[in-house]
Amino acid sequence: MAEPFLDLRFGELLDSVTERGGPGAGAIAALTAASAAALVELATRATTAEEWAEAAASAAQARKLRKRLVPLAREDAEAYQEAVAKLEAGGVDFALGEALARAADVPLEIADQAENVAALAAEAAQHATPDLRADAAAAAALALGAAWAAAKLVEVNLAMRTEDPRLARAQKIAAGATQTARAALTADEIA
């Protein structure tokens, strides 16, 4: 990658995704989950303690998640590029398998962090100030998509290691994100 993709304007970032050497699905999943965390932070920061006692703590947690997810985008892009370089250098061999196994760790963390964002969004969708609950629900949907995308990348990267425990963990994370996002997306039906 010639220039750091996180320093690009949004349109340029999207253009870089279309290039073979640009950031891939894991980086975009991390940035999507970070965007979801920002929406949760918006909803919770605008909520008073009288409306929801946990609002300030939730805002702080959303900010912490966002700040962790952005660097994961770069880490994923680097791991992805290393695996692609191994593939282009010599096809399928031990070095490629090892690079893919290492590349599975970053999307696994992205999925885990995205699930955390979905859970926080579900809480905010139920308790945040009413005019921002839809933003929290949207955050849950975005986090859900990011969790599933990252979990799929773990599956793809570990295709040659079917007994690897990270596969089951990724599936569990995606299922958990589904459950919590569903709570956020149906919060208005419950209320």
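Leaving aside residues up to four places away in sequence, L69 touches A30, A33, A34, I110, Q113 and V117, where contact means heavy atoms within 4.5 Å. The model is predicted: local features need pLDDT of at least 70, side-chain atom pairs count only at pLDDT 80 or more, and totals for chains, interfaces and linings use all residues. Residues are numbered from 1 along each chain as its sequence is written, and side-chain values use heavy atoms, with hydrogens and water left out.

**Around L69**
- L69 sits in helix α3; helices (H or I, at least four residues) are DSSP runs, numbered from the N terminus.
- L69 counts as buried because its relative accessibility is 0%, buried being under 20% relative accessible area with a 1.4 Å probe, protein chains only.

**The nonpolar core**
- The largest nonpolar core has 55 residues, and F5, V40, L69, I110 and V117 touch the most other members; such a core is a set of buried Ala, Val, Leu, Ile, Met, Phe, Trp, Tyr and Cys residues joined through side-chain atoms within 4.5 Å.
- At least two residues of this core come from each of α2 (25–45), α3 (55–90), α4 (94–127), α5 (133–157) and α6 (165–185).
- Helix α4 supplies the largest share, 14 residues.
- V117 touches A33, A36, A37, V40, L65, L69 and A143, again not counting residues up to four places away in sequence.

**Around S16**
- S16 belongs to helix α1 (residues 10–17) and is buried, with a relative accessible area of 14%.
- Beyond residues up to four places away in sequence, S16 touches F5, L8, G22 and P23.
- S16 and F5 are eleven residues apart in sequence, and their C-alpha atoms are 7.3 Å apart.

**Confidence**
- The protein chain has a mean pLDDT of 90, and 95% of its residues reach 70 or more; pLDDT is the predictor's confidence in each residue, from 0 to 100.
- Within the protein chain, confidence is highest in α2, at a mean of 97, and lowest in helix α7 (residues 187–190), at 62.
- Where pLDDT is low, the predicted coordinates should not be read in detail.

Notes
Buried < 20%, exposed > 50% of the residue type's maximum accessible area, 1.4 Å probe, protein only.
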